[in-house]
Amino acid sequence: MAELLVWPALLAYGEAAVAYAGSLRGTGASARLGIWGVRIGWLAQTALLIAQALDSDGFPWGTWAGALNLFVWLVVGAYLIWGCTPRYRLLGLLVMPFAVALLVVAWAGGGTGVSTQDSAGWLLALHVGLMLAGFAGLTLGAGLAGLYLWQERRLKRRDTGVLRLRLPPLEALDRLSARTALISLGVLSAGIVVGLGSFQQGDFDLPMAVTLAIWALYAVGLLLRHEKGLQGRRFAVLLVAGFALVAIVLPLTHFAS
Amino acid sequence: MRLALVGVSHRQAPVELRERVAVDPAGATSLARELADGCEAVVLSTCNRTELYLASDGTSDHLDERASRTLLALAGNDGAALAPVLYRLGDDSAALHLFRVAAGLDSLVPGEGEILGQVRDAFEGGSTGPLLDRLFRQALHAGRRARVETAIGESPASVPAAAAALAQQVFGDLAGRRIVLVGAGKMSELTARNLRSRGALIEAVANRTAAHGEELAARVESRAAGLEEIPALLATADVVVTSTSAPGFVVEPASAAAALRGRRGRPLLFVDLAVPRDVDPALATIDGCFVYDIDDLEAVVEASLAGRRVEAVRAEQIVAVEAERFREWQASLAVVPAIASLHAHAEEIRSGELAKAEGRLGRLPESERRLVESVTSQIVAKILHLPTVRMKEAAAGADGVVYADVVRHLFGLGEEEQS
């Protein structure tokens, strides 16, 4: 029964994605519909996760599909922090289609049902939760960076419609994406430290190597920003490149191993 | 009650005629007082229009005449030229016109924000009664709705406003941002004023002629600088506005490169208002540098105005709804006396019958007497509720007067007074 809750979540997220696309035409009503879609979808997915947790014997999101389900919830939850403000609503254009696609994949992989196979301990649950929250934050940071690159391109090209469809100011996007990356890196670091608690020699595999590479990339990027003033377009490109590692390379290495 | 509007605006009359009938706010107030002899009057006078709104129980033609005579008298010797361009509107059309004016739909630049305040000032300075009070309040409401529910007033309508809006697209809040002016032209000053109104600081005015630079610097509370200081100013500036008459580029990548290196990636916006251009467009290829010349800004303004025109269609719908509400309210005025007489008549019968029964009711305890009062009042109210609603509906559909007459006839309203 719990699995049925994925449908209202998917429908609401899908509605939000379509409404945000409609808001490109500048109608406030579309944007409001989008925000309500995100809120309702997130509540439905929260109910789904609670139902999964209640029905499960252990940590219900130990499988890759389950983790993806939790990841989508975290991404949308993080988006809700800013996305509900009119200025950042267009971030939904990047986040919501992505969330819909991932939730469909999670559903197809059985991640939205009840799993009784995996009864992992609380340490692993905490590790997975923190890692997923960190990656969710990095995803949102990449979304903000993507928005920065779009806005920068419009300004560089002197797009005449730049004041008709207003995106958040460049500096605000730069600052927010850096802040998001910093917080996410902190959460990711905590996840890695917790993971080390159950680490045994010989456990080191390709996904771990990629995770560490992602961590190092963001850490170096943030350090360069602080020390050498790496900001603006170059920092945004770095965040998007980091996201490519998170979104493409990490799942590939996970399945390969 | 009838409403009449007589006016002259930028749509029909050139500025030479408009300025003849323009009055300042104090003049508008005293003119409204003069006109309000036995009627209500409001005078709306802006640089684009002078309009007289009159309302009274008399005929609309009579009001028309009075307003026309007043405007022609204001025009003096130009009265003959003014007469053919005066427009005269009555009741629904006059109300719709005012609502469109308040929403900025009749302005030179659709959705311009100043007109709403001017309508408010005219209303406050007018000699209003029930009709004009309602009309202007609803016009202000329609104007606010048009601005809140559509984006008609959001985009900039001038080059200086577009430059400031672009700066906000780069930096967000402009409070404390440093602006450098290169050249002391009029356009540069207007842009500086626009940026200052949003909280920006004018750091320096760099100009070839020191005296001109100092004059402008004094007006915008800044300091004057020489053109040789430009590279150093670039290191700290957020927005550079240029408008010199120099034949070549004043800011070039080679001279700016050193200063830009010290900015640690902070964005820098160049607003080049000069022809020939002051800023080498090659600067736009540098990370964090954005260069807008006068053509770019004019294209942005044109796109904004096109957007305003699209939004104007939605604003027209809002205005039409508000005008219809006003029309219904105004029409309902025709049946209000009949409704009031009907209710008074019914109440008279009710209290009369209770008085007749006083002998028997007097024996009842106070609480039961109050109950009888309450029940009879409720019966009367319920009986009259539907006829009242139907009369108001009929009034909205233009049959109000007929219904009012029928009610007066059926219930003999006013007959006792006549007899």
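Predicted model: local features only at pLDDT ≥ 70, side-chain atom pairs only at ≥ 80, totals over all residues.
Modeller: Residues are numbered from 1 along each chain as its sequence is written, while chains are lettered from A and ligands numbered from 1 in the order in which they are written.

Biologist: Why are H8(B) and H9(B) called oblique to each other?

Modeller: Helix H8 (residues 159–171) and helix H9 (residues 186–197) of chain B pack at about 45 degrees, with axes 8 Å apart. Helices (H or I, at least four residues) and strands (E, at least two) are DSSP runs, numbered from the N terminus. Axes are lines fitted to C-alpha atoms, for helices over the stretch in contact, and angles run from 0 to 180 degrees between N-to-C directions. Angles under 35 degrees count as roughly parallel, over 145 as roughly antiparallel, 65 to 115 as roughly perpendicular and the rest as oblique. H8(B) and H9(B) are therefore oblique.

Biologist: Which residues of H8(B) and H9(B) meet?

Modeller: In H8(B), they include B:Val159, B:Pro160 and B:Ala167, and in H9(B) they include B:Met187, B:Leu190 and B:Leu195. Contact here requires C-beta atoms, placed from the backbone, to lie within 7 Å. By class, this contact of H8(B) with H9(B) has nine nonpolar, two polar and no charged residues. Ala, Val, Leu, Ile, Met, Phe, Trp, Tyr, Cys and Pro count as nonpolar, Asp, Glu, Lys and Arg as charged, and the others, Gly among them, as polar.

Biologist: Why are H6(A) and H7(A) oblique to each other?

Modeller: The axes of H6(A) and helix H7 (residues 206–228) of chain A come within 10 Å and cross at roughly 140 degrees. H6(A) and H7(A) are therefore oblique.

Biologist: Is the crossing of H6(A) and H7(A) left-handed or right-handed?

Modeller: H6(A) passes H7(A) in a left-handed crossing, whereas the crossing of H8(B) and H9(B) is right-handed. A crossing is left-handed if the near helix is turned anticlockwise from the far one by less than a right angle, and right-handed if clockwise.

Biologist: What meets what between H6(A) and H7(A)?

Modeller: Residues of H6(A) including A:Ala178, A:Leu185 and A:Ile192 meet residues of H7(A) including A:Trp215, A:Leu222 and A:Arg225. By class, the contact of H6(A) with H7(A) has 10 nonpolar, one polar and one charged residues.

Biologist: What makes S2 and S4 of chain B edge strands?

Modeller: Four strands of chain B form an open sheet in the order S2-S3-S1-S4, with antiparallel pairing. Two strands pair if DSSP finds at least two bridges between them. Strand S2 (40–45) and strand S4 (87–90) of chain B each have a single partner strand, so one side of each is left without a neighbour in the sheet.

Biologist: How many bridges join S1(B) to S4(B)?

Modeller: Four bridges join strand S1 (residues 2–9) of chain B to S4(B). B:Ala4 stands opposite B:Gly90 in S4(B).

Biologist: Which strands are at the edges of the sheet of six strands in chain B?

Modeller: That open sheet has the order S7-S6-S5-S8-S9-S10 in chain B, with parallel pairing. Strand S7 (224–225) and S10 of chain B are its edge strands, and each pairs on one side only. Strand S8 (residues 239–242) of chain B is joined to S9(B) by four bridges, with B:Leu269 the bridge partner of B:Val239.

Biologist: What makes A:Arg158 worth a note?

Modeller: Phi of A:Arg158 is near 55 degrees, a positive value in a residue other than glycine. A:Arg158 lies in the loop between H5 and H6 of chain A. Most residues other than glycine have a negative phi, and most peptide bonds are trans. A cis peptide bond joins B:Val275 and B:Pro276, with omega about 0 degrees. B:Pro276 is found in the loop between strand S9 (268–272) and strand S10 (289–293) of chain B.

Biologist: How many residues of each chain are in the contact between chains A and B?

Modeller: Chain A gives 20 residues and chain B gives 24 residues. On the side of chain A that touches chain B, H6(A) gives the most, with three residues. The residues of that side divide into seven nonpolar, six polar and seven charged.

Technical notes
Contact = placed C-beta atoms within 7 Å.
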